[in-house]
Amino acid sequence: MKKKVTISQVAEQAGVSKTTISRFLNGQYGNMSKETKERIASIIEELNYRPSRQAQALKSKRSYLIGVVVADISNMYSSLLLKGIGAVLERNGYQMIIMDAANSVKQERSLLEKLLDQGVEAIILQASSRNAENYQFIQDYNIPLLLVDRQTEPVIWPLVTTNNQETVEEILHQALQKDYQKVLVVSEPLQDVTTREVRYHTVKNVTEKMGKKQELLEVTSETNLKPLIFAELKNPERTLLFASNGRVLMELLTILIENKIDIPQQIGITGFDDWNLTALVGPGITSIEQQSQQIGEVAAEKLVNFLKNSEELEQEIIVPAKVQWRKSI
């Protein structure tokens with residue numbers, strides 16, 4: 001059995017003290033020179049040194065654990081978000097504990113309590129509830145909380161999200177220059193998530209200002225969308241479908257393409273694409289691509305800087321989405 005490499009061996013070969021190695025592993029570089037950091041990194045790689053996180057935690061009385069709770073892990077948005085968070089935490093010596101709330105506020109509460117029991121140093125949360133009162137107990141434990149994607153009410157904790165209002169306005173101002181008379185917003189229930197509400201009200205405001213009609217269709221995973229879309233196709237008014245998230249957009253596209261509905265001649269479609277797949281669908285779908293992985297990276301970087309360097313967390317950090325102009329409107 002191969003003998004485990006020790007911190008003393010790494011320090012000896014790098015020509016520095018064990019304290020310097022420990023500071024390097026914890027990202028506490030201080031006045032450490034670039035050459036020293038590069039030499040230590042090279043020796044660690046050469047010796048395949050793996051520090052004991054448990055020993056580090058016991059010595060420093062820190063856990064180096066960050067809890068991350070997403071609303072629905074089956075959503076591609078969550079997968080990319082976690083990829084971004086994980087990459088930054090790994091680089092900075094933290095471990096990520098991933099929890100899936102499955103869109104259940106009750107389950108989310110249970111998971112958050114488990115994270116507190118495990119001694120996490122901070123929590124990144126895609127909130128399943130808009131009610132800030134549901135998360136007050138985390139603040140009572142004095143554990144830093146950073147929200148992603150969705151704000152809670154009233155505003156208490158910092159949030160990393162995308163520029164929802166700006167991108168919806170941009171895409172609708174262009175789309176409604178064409179001969180659409182109506183925008184049908186298809187969204188999961190607004191009352192659950194502030195982001196959906198912001199998107200819907202932005203559509204409503206723009207359509208009203210431009211003298212067009214708008215209608216809201218709230219759906220769940222149980223809703224049979226096909227007859228509703230076919231009913232809309234019989235409407236003499238030319239309609240633009242606006243999907244409020246990637247799951248809804250893909251469900252609408254599946255119906256239109258499987259039933260050979262001509263896009264955009266029979267009906268136009270646009271919306272939020274969480275998966276960055278709309279270039280590959282139909283005639284190419286004009287969409288708002290959220291930078292989910294980048295949102296995760298920014299959230300993790302901000303949190304790490306707060307934990308390591310006490311850098312203040314901004315109340316709201318915007319990671320701009322990209323509007324992709326294609327042929328569906």
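These notebook entries record what I looked up in the structure above.

**Entry 1: the model**

I noted that the model is predicted, that local features need pLDDT of at least 70, that side-chain atom pairs count only at pLDDT 80 or more, and that totals for chains, interfaces and linings use all residues. Residues are numbered from 1 along each chain as its sequence is written, and side-chain values use heavy atoms, with hydrogens and water left out.

**Entry 2: the whole protein**

I found 12 helices and 12 strands in the protein; these are DSSP runs numbered from the N terminus, helices being H or I with at least four residues and strands being E with at least two. The C-alpha trace spans about 80 × 40 × 40 Å along its principal axes. Of the 329 residues, 50% are buried (buried is under 20% relative accessible area, exposed is over 50% and partly exposed is in between, with a 1.4 Å probe and protein chains only). Of the contacts (heavy atoms within 4.5 Å) with a separation of 6 or more, 68% are between residues 24 or more positions apart.

**Entry 3: helices H2 and H3**

I looked up how helix H2 (residues 18–25) packs with helix H3 (residues 34–47): the angle is about 90° and the axes are 11 Å apart. The axes are lines fitted to C-alpha atoms, for helices over the stretch in contact, and angles run from 0 to 180 degrees between N-to-C directions. H2 and H3 are therefore roughly perpendicular (65 to 115 degrees; under 35 is roughly parallel, over 145 roughly antiparallel and the rest oblique). Thr20, Ile21, Phe24 and Leu25 of H2 meet Lys37, Ile40, Ala41 and Ile44 of H3.

**Entry 4: alanine 11**

I then turned to alanine 11 in helix H1 (residues 7–14). Alanine 11 is buried, with a relative accessible area of 3%. Leaving out residues up to four places away in sequence, alanine 11 touches Val16, Ser17, Lys18 and Ile21. Its C-alpha atom is 8.0 Å from that of isoleucine 40, a residue 29 positions apart along the chain.

**Entry 5: aromatic pairs**

My search of the whole structure gave three aromatic pairs. Rings of Phe, Tyr and Trp (its six-membered ring) pair if their centres lie within 6.5 Å; planes under 30 degrees apart count as stacked, over 60 as edge-to-face and the rest as tilted. Tyrosine 64 and tyrosine 94 form a tilted pair, with 5.8 Å centre to centre and 50° between the planes. These two residues are 30 residues apart, and the pair links distant parts of the chain. Tyrosine 64 and tyrosine 94 are both buried.

Tyrosine 135 and tryptophan 157 have ring centres 6.4 Å apart and planes at 85°, so this pair is edge-to-face. The pair ties together parts that are 22 residues apart in sequence. Both tyrosine 135 and tryptophan 157 are buried.

**Entry 6: backbone details**

I looked up a cis peptide bond between glutamate 153 and proline 154, with omega about -5°. Proline 154 is in the loop between S4 and S5. Another cis peptide bond joins isoleucine 263 and proline 264, with omega about 0°.

Asparagine 48 is not a glycine, although its phi is positive, about 55°. Asparagine 48 lies in the loop between H3 and H4 and is partly exposed, at 45% relative accessible area. Asparagine 142 has a positive phi near 60°. Asparagine 142 is in the loop between H7 and S4 and is exposed, at 68%.
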